[in-house]
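Dear colleague,

Please find the structure below.

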Amino acid sequence: MASPPTYSPILIELGLATTTHNDLYKRLNAVDILQRLLETNILTEDVLRSAHDALANSLQQAQQFTTKQKEEKRSETTRKKELKIDLSNLRTRHVALRIYYDGGAYSGLAENVGQASDQSVERALFQALQKAQFIESRETCGYSRCGRTDRGVSAAGQVVALRVKSAFGMDASFDSNGENLIQDADLPSNAHDMIQVHVPARKKNSNEHADGQPTVRTQRLLSEYPYDRVLNNLLPKDVRVVGWCPVSDEFSARFSAATRTYRYFFYKRHMNLGLMDQALQLLVGNHDFRNFCKMDVEKVYNFERVIYSASIVEQETGVCYMMIHGQAFLWHQIRCIAEILFLVGREKESPSIVLDLLNINKHPRKPSYPLADERPLVLHDCGYKKLQIQYSVQNLWAVTCLQEKQWEDLMLTAARIRNSLNSLKDNASVLGGDLEAFAGRVADARKKRKSITPTNGQVFPFKGTQHVAWSDALQWIHDSLGIWPGPNNEKELAYAPLMSRSKGTTYEEKVEAAMKSARRNERYVMNVVKKRKSKEEDIAFYKHMANQGNF
C-alpha cells in the first residue's frame, strides 16, 4: 500500500500542509505562499528558497502517492477480473483430471470453503483453475472427487471431475457459413489432435454485422487446451496434473469409481513379513470393519466394505508396502489396518487378532490403539470401468523430470541421516552402568504393564565403569530385551496386549449420544436417515454410475 506524502516544517509552520493530498493541488500556489509569508513578516531570501523547495517536494510526493494508489487500484481490479469469468456464453466440457500430490504440506485434499487458514490441495487446484480462467467458481463447475484423503496423505492417482472452458467456441463450425456448428461429440479428446474449423473473425454476439451483412469467418486449425500443462504452470510443484480426458455429463469421480487402491509404505527393519501377510489375507472379502476405522455415525451407518485383494510387497531397498485393493474405504480404515499389521509384524500380536477385531458380535467395542502415521499412505489408483485418461509426452516429461529431482533430493537426505546413524555406531560409547540401568527401567515398566517377559535371562556382561561401543550396546539390548531402536520403539518399551486395553463405545451407544445433541441429531437425520437406501437401490445406482466414463 502506498504511503501518504510528508510535508516540510516550513509548510506546516505556514499552515499550508494538508492531510488530504488532493487538496494540495487546490491550496498550494505561489500567491498563497507569498501572502502568508508577508503576513507573518518572515519573508527572506532563504525562507523563500526553502518554501519553494518544500512546495516542489510536496507536490512531487503527492503526485507519486496518487499515481501509486491508482496503480494499486488498477492492479486489484485486474486481479479480480482475472479470477472472475463469465462462462455462460462459452463452451464448457466435462473432464476428468488425474492428479498427483505430496500431502506433506497440506491439510488434506478437501477444501474448508470459507476458511482463510485453509491449506488444502483443492484450494491450490481451484486457485489455478480460476487463474487460468477455466472455471467461474467451485460452485458452478460441477466438481467431484474420488477419494477424500486426510492431512499428510499423498496421491499418485487421484481423480477429480469438473466442467472447464473449451478452446472451441459455441460458434465454431465446420463450414464457412456457420451453419454446421461443432457439437461436443466432435471435440478432440486430447490436446494433440487438431480440427479444421471456421470461427468468426472477431467476437460478435450475433451472426451479422450491424449493417446486416454476414459475419466474416476465418478458417483455423484448433486443438483443445492442454489443461494439464496450463494448470501445472500455475500449481505448486508438489501438486501435478498428469493427464485428463473428456467424460459423460453423468460421470462422477466418486460414484463412478469401481475400485480404489492404496499403498502404505514402511521400512522392513525386523518385522516378520510372513506373519503380516497372513493377517492381511484375513481381511480380504466382505467384512464389517467398524473396529478398523473411526466411526462417524452422523454420516455412516453401514460399515461393511469389500477388499478384493491385498499383499505385502518387499523391494530390494528394504522399503516395503502393503497394497490394499477394494471398492471403497471407511474413514482412517487403511491407517487402522496398517497399525494392526505392524503389531503382528513386530510379533506383539498374532495374525488371529484380525479375526477377533472382525467379530463384532463378540467384540462390538473397538480397543484403544493409535493410527499409523499418515505420511507413508498413498492413494495409488482410482479404477473405473469406462475411463481412459489421456497423457501427453510433453507434460509427462516435465512431471517425470520434476519428480526425479524430488526423489533424488530425498534419497540424498536419507543417505546423510544414515551416515549419521553409522557414525554413532562407529564412534559413540556408553558406560556399562548406564546401559544396565536402562535395561532395568525397561524391565520395571514391563512388569507394571503386565507385559511380556521383562528379559530373556541374558547375563549382563559389562562392568559399570566400562565403556561399551554403541553398536555392542544395541546388540545386547536386542539380545536381552528383544527390541531394536525404531520409529515406535521408544514408546513401546512396555507393551499391553491389544484386547486387554480399554475399549470405546459401541455403534448403538454413539448413535444414542448423538440423539441427545440437537445439532448432531439434525446431521444424523439429514445424512443417514433421509439418505438411507435399500440394498437393491444401492446396487442399481452404482451399476448405472459405473457405466459413466469417457465421452
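Ser173 lies in the loop between β3 (154-165) and β4 (194-200); helices (H or I, at least four residues) and strands (E, at least two) are DSSP runs, numbered from the N terminus. This is a predicted model, in which local features need pLDDT of at least 70 and side-chain atom pairs count only at pLDDT 80 or more, while totals for chains, interfaces and linings use all residues. Residues are numbered from 1 along each chain as its sequence is written, and side-chain values use heavy atoms, with hydrogens and water left out.

Ser173 counts as buried because its relative accessibility is 0%; buried means under 20% relative accessible area, exposed over 50%, and partly exposed in between (1.4 Å probe, protein chains only). Its side chain makes a polar contact with the side chain of Arg217 at 2.9 Å and reaches the backbone oxygen of Asp175 at 2.7 Å. A polar contact is a pair of N or O atoms within 3.5 Å; within protein, one must be able to donate a hydrogen and the other to accept it, and residues adjacent in sequence count only if both atoms are side-chain atoms. Beyond its neighbours within four places in sequence, Ser173 is in contact (heavy atoms within 4.5 Å) with residues including Leu181, Ile182, Val197 and His198.

The protein as a whole has 15 helices and 13 strands. Of its 551 residues, 40% count as buried.

In helix α7 (residues 273-281), the buried residues are Leu273, Met276, Ala279 and Leu280. They share the same side of α7, because they cover an arc of only 120 degrees around the axis (the arc of the directions from the helix axis to the C-beta atoms). These buried residues pack against several elements, among them β7 (259-267) and α8 (333-345). At the start of α7, a side-chain oxygen of Asn272 comes to within 3.1 Å of the backbone nitrogen of Gly274.

Tyr507, Val511 and Ala514 are its buried residues. They fall within an arc of 60 degrees seen down the axis of α13, so they line one face of the helix. Glu508 and Glu512, on the other side of α13, are exposed. The buried residues of α13 pack against α14.
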